[in-house]
Amino acid sequence: MGISRYNMEGYADPTAHEAVCNIEKEVRKWRPVVYICSPFSSDPEGNTEKARRYCRFAVDHGAIPLAPHLLLPQFMSENTERELSLFMDMVFLGRCEELWVFGRNWSPGMQKEIAKAKKRNIRIRYFTEEMEERHDCQ
C-alpha cells in the first residue's frame, strides 16, 4: 500500500510525504524486525509452544518477531515441501535486521539460517531456552 505522495485534495505533497517516511524509518529503528531461529521438526508441538514464547519475548524487548516455523506449517507440508519452506525461510531472513537464535542444540535448518545471516552480515543474538542472552556462541 505505502504512503501517499498526495494530500487529501489530490495535490503532490513531497514535504509531508518525506516527513512521514522519515518518521516510519525512525519507528523501525526502535522496533527491529527479528527472525526467530529455534528448533521445529524434532518436536513440532512442543517447539511451536517454545517459538510462541520466544516471539512474545521479542515483542516484550522492543522487536517485531518473525517466526516462519509458526507460519509456514499452517499451509505447507514439512514432509513434502521442506526445501521450498527452507527457501522461503531464507527470503524472510533477508528482510530481517537481526537473527535471534534460541537454545544450544541447533537443527540443520537452524544452522543454515545462522550461516546465511553471517554471510549477509545480519546481526545475530544468541539466547538460552530460558531466554537469557548468551555471549559465548560467536
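## Overall size

The radius of gyration is taken over C-alpha atoms, and the globule rule is 2.2 Å times the number of residues to the power 0.38. For a compact globule of 138 residues this value would be near 14 Å, but the protein has 18 Å. The C-alpha trace spans about 55 × 35 × 30 Å along its principal axes.

This is a predicted model, in which local features need pLDDT of at least 70 and side-chain atom pairs count only at pLDDT 80 or more, while totals for chains, interfaces and linings use all residues. Residues are numbered from 1 along each chain as its sequence is written, and side-chain values use heavy atoms, with hydrogens and water left out.

## Secondary structure and contacts

The protein has 5 helices and 5 strands; helices (H or I, at least four residues) and strands (E, at least two) are DSSP runs numbered from the N terminus. Their pattern along the sequence is α-β-α-β-α-α-β-α-β-β.

Contact means heavy atoms within 4.5 Å. Among contacts between residues at least 6 apart in sequence, 60% join residues at least 24 apart.

## Surface and burial

Buried means under 20% relative accessible area, exposed over 50%, and partly exposed in between (1.4 Å probe, protein chains only). Of the 138 residues, 35% count as buried. L84, in helix 4 (residues 82–94), is partly exposed because its relative accessible area is 42%.
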